[in-house]
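Me: I would like to learn how to read the contacts in a protein–DNA model. Could you take me through one, feature by feature?

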2 protein chains.
Amino acid sequence: MPTDTVKGFPIPSVRRLPLYLRLLRELRGEGHDSVSCTRIAESLDQGTVQVRKDLAITGIVGRPKVGYQIPELIDAIETFLGWKNTRDAFLVGAGSLGSALLGYEGFGDSGLNIVAAFDTNPEKVGTRIHEKEVLDWESFHDLAHRMHILIGILTVPADVAQEVTNAMILAGIRAIWNYTPAKLEVPPTIVVEDVRLSSSLAMLSSRLTRLLESQR
Amino acid sequence: MPTDTVKGFPIPSVRRLPLYLRLLRELRGEGHDSVSCTRIAESLDQGTVQVRKDLAITGIVGRPKVGYQIPELIDAIETFLGWKNTRDAFLVGAGSLGSALLGYEGFGDSGLNIVAAFDTNPEKVGTRIHEKEVLDWESFHDLAHRMHILIGILTVPADVAQEVTNAMILAGIRAIWNYTPAKLEVPPTIVVEDVRLSSSLAMLSSRLTRLLESQR
DNA sequence: TAGATTGTTAATCGATTAACAATC
DNA sequence: TAGATTGTTAATCGATTAACAATC
C-alpha cells in the first residue's frame, strides 16, 4: 500500500484522546497503576466498547482481568498525538483572541509552546503580551525558517486570513490552527485545523432556543 | 408526538449553518439578491446536496431555476439559531481565556452579548477588561436572576468547574458554554456545549505527526 | 418548450453499539 | 477453575452522497 493511501483514524476517536489523557494523568497523580475500561467509561460517561476502540488506535494492548497500565497508556496516547515533546509555534495576529491564547497556560499539557506573536500594527510590535514578544510580521519569514517552526496559529481578521496563510506556507509552516472563520485554500501537504467558535455557539443557542420554545 | 420526543436536527448540519450565514451576509453586502446551491457549494467547497439538506432544516424553500432569496435565507438561518435578537450572557472566570472572550468582537454577529465578567479574585473585581466590568462572583446569583440571564460562559480552572456550574444553574442559567476540560454533570433541562480546544489541538498535532513521519 | 435547479428517495459510508469469543 | 476484562466480529444508527423526479 503506497504511503499516501494510508487509512486515517476515526476523527471522533482522535478528538476524544485528550479526554482520556487528562483522566489518566489525574489517576496517575492519585497513585493508581492500572485502570480498566469500565472505570474510564464510568468517569467519562461513555460506553466501554468505545473506550477500547478509541484506545486501540494508539496501538496499546490491555490485559484481560487487569486492564491497562496507566504509564504505558499515557505514553501511547502522547506518542500518537505527537505530544511527547512540545512543539514550538508562532502566533499571527495579536488581537484580543490572539492575546488570550498567548496567556493561556494549558497548552503545555498538549505539547504546544507558543514562542512569539506577530502583528503588523506598529503600536503592538515591540511590546510583550503575557511575557511573549510581539514581533513585526515582516520578520516572520526569516524567523520561522531559522527556528524551523512548523505550527502557525492564525488569529488575524478574516479578510487577510488567506494572504497570511500563503505567507506562512512559504515560510515553512506545515500546520495551521485557524481561529478565523475563513475557509483556507492550501496544498494537500499542509494541515489545517479550523476552530470555528461560531459552530459551537450555533449548537448552544439553537438548543437553548428549542428548549425555551418547548416550554412556552 | 410528545414534545420531549421531538427529533433533533443533524449536528453537523447545525454546525455548518454559521458558515452559510457568513457567506450569505457577504453576498448581500455585494448587492446580490438570490443564490443557488451550486454557487454556495463552490464557495464553501462542499457538495450541493449537502447544502440543500443543511438549509432545509431551517424550513426554507428555494425556487427551481432561481435558487434562494438571500434575505429570506439569512432570516431563516438567524431564526433557527436564535440569533435574530442578541442574547445577554455572563462570563465566569476572568483569566486569560476569559479576558480574550470579553474582548472578542465577533460574537455580536452570532447573537451573543457578554454583559459582564465575574471572578473571586479581589484584585480583579472592580476592574474593567475590554470595557466590561469584572464583578464579584458573590453577586452573580442576584444579578443573573434580576437580569434574566440565561447563558453562562465558563472559563474557570477545571477543578472548580462543577461547583461554579451548580451555582450557575441555581441562579437561573439555562445554557453553559464550557471552555474548561471538565465533564459537567447537569440536569437534562440544561444545555451544555463543550469547546474542547485540546480536541482540536489533538487533530492538528496528530495529523502533523503522521505527515512528518510519512516524509522520513 | 428546454434546461437549470430544487427536493426527495435510495445507496453508501463511517461511527457507534451489541454480541460473543479469547485470555489472563 | 471461574470470572472479569480485553479484543473482535456483526448489527445498528446516523450522516453523506448518488440518482432521479418535480418544477419554475
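Reply: Gladly! Let us start with a term we will need: a salt bridge is a side-chain nitrogen of Lys or Arg within 4 Å of a carboxyl oxygen of Asp or Glu. Please keep in mind throughout that this is a predicted model.

Me: Which residue forms a salt bridge with A:Glu193, and how far apart are the closest N and O atoms?

Reply: The partner is A:Arg15, and the closest N and O atoms are 3.6 Å apart. This pair joins distant parts of the chain, since A:Glu193 sits in strand E9 of chain A and A:Arg15 in helix H1 of chain A, 178 residues apart. A search of the whole structure finds 14 salt bridges over all chains.

Me: How many salt bridges are there between chain A and chain B?

Reply: The count there is two. In one of them, B:Glu193 pairs with A:Arg207, and the closest N and O atoms are 3.9 Å apart.

Me: Which elements give two or more residues to the side of chain A that touches chain B?

Reply: In chain A they are helices H1 (11-29), H2 (37-44), H4 (70-81), H5 (96-103) and H8 (197-214), along with strands E8 (175-178) and E9 (191-194). H8(A) gives the largest share of that side, 16 residues. By class, the residues of the side of chain A that touches chain B are 34 nonpolar, 15 polar and 12 charged.

Me: How many residues of each chain are in contact, and what area is buried between chain A and chain B?

Reply: On the side of chain A 61 residues are in contact with 61 residues of chain B. The buried area between the two chains is about 5600 Å², and carbon and sulfur atoms give 67% of that area.

Me: Now the symmetry. How should I think about two copies of a chain?

Reply: The general idea is that two copies of a chain are related by a rotation about an axis and a shift along it. Here, chain A is superposed on chain B by a rotation of 180 degrees with 0.0 Å of shift along the axis, at an RMSD of 0.0 Å. That is the relation of a two-fold axis. The C-alpha of A:Ala100 is the one in chain A nearest the axis, 2.3 Å from it.

Me: Let us turn to the DNA. Which residues are closest to DNA strand C?

Reply: Of the 22 residues that surround DNA strand C, the closest are A:Pro64, B:Cys37, B:Arg52, B:Gly62 and B:Tyr68. Sugar and phosphate make up 60% of the atoms of DNA strand C that come within 4 Å of the protein. For individual contacts, look at B:Gly62, where a backbone N or O atom lies 2.7 Å from a phosphate oxygen of DNA strand C. The side chain of A:Arg16 has an N or O atom 3.1 Å from a phosphate oxygen of DNA strand C. For A:Gln50, a side-chain N or O atom is 3.4 Å from a sugar or linking oxygen of DNA strand C.

Me: Which elements supply at least two residues each of the surface near DNA strand C?

Reply: They are H1 and helix H3 (48-56) of chain A, together with helix H3 (48-56) of chain B. That surface has 10 nonpolar, four polar and eight charged residues.

Me: And which residues come nearest to DNA strand D?

Reply: There, 22 residues lie around DNA strand D, and A:Cys37, A:Arg52, A:Gly62, A:Tyr68 and B:Pro64 come nearest. A backbone N or O atom of A:Gly62 is 2.7 Å from a phosphate oxygen of DNA strand D, and a backbone N or O atom of A:Lys65 is 3.2 Å from a sugar or linking oxygen of DNA strand D.

Terms used: Residues are numbered from 1 along each chain as its sequence is written. Chains are lettered from A and ligands numbered from 1 in the order in which they are written. This is a predicted model: local features need pLDDT of at least 70, side-chain atom pairs count only at pLDDT 80 or more; totals for chains, interfaces and linings use all residues. Side-chain values use heavy atoms; hydrogens and water are left out. Copies are superposed by least squares on the C-alpha atoms of residues with pLDDT of at least 70 in both. Contact means heavy atoms within 4.5 Å. Buried area is the accessible area (1.4 Å probe) that two parts lose on being put together, summed over both. Helices (H or I, at least four residues) and strands (E, at least two) are DSSP runs, numbered from the N terminus. Ala, Val, Leu, Ile, Met, Phe, Trp, Tyr, Cys and Pro count as nonpolar, Asp, Glu, Lys and Arg as charged, and the others, Gly among them, as polar. A residue is near a molecule or strand if one of its heavy atoms lies within 4 Å of it. A polar contact is a pair of N or O atoms within 3.5 Å; within protein, one must be able to donate a hydrogen and the other to accept it, and residues adjacent in sequence count only if both atoms are side-chain atoms.
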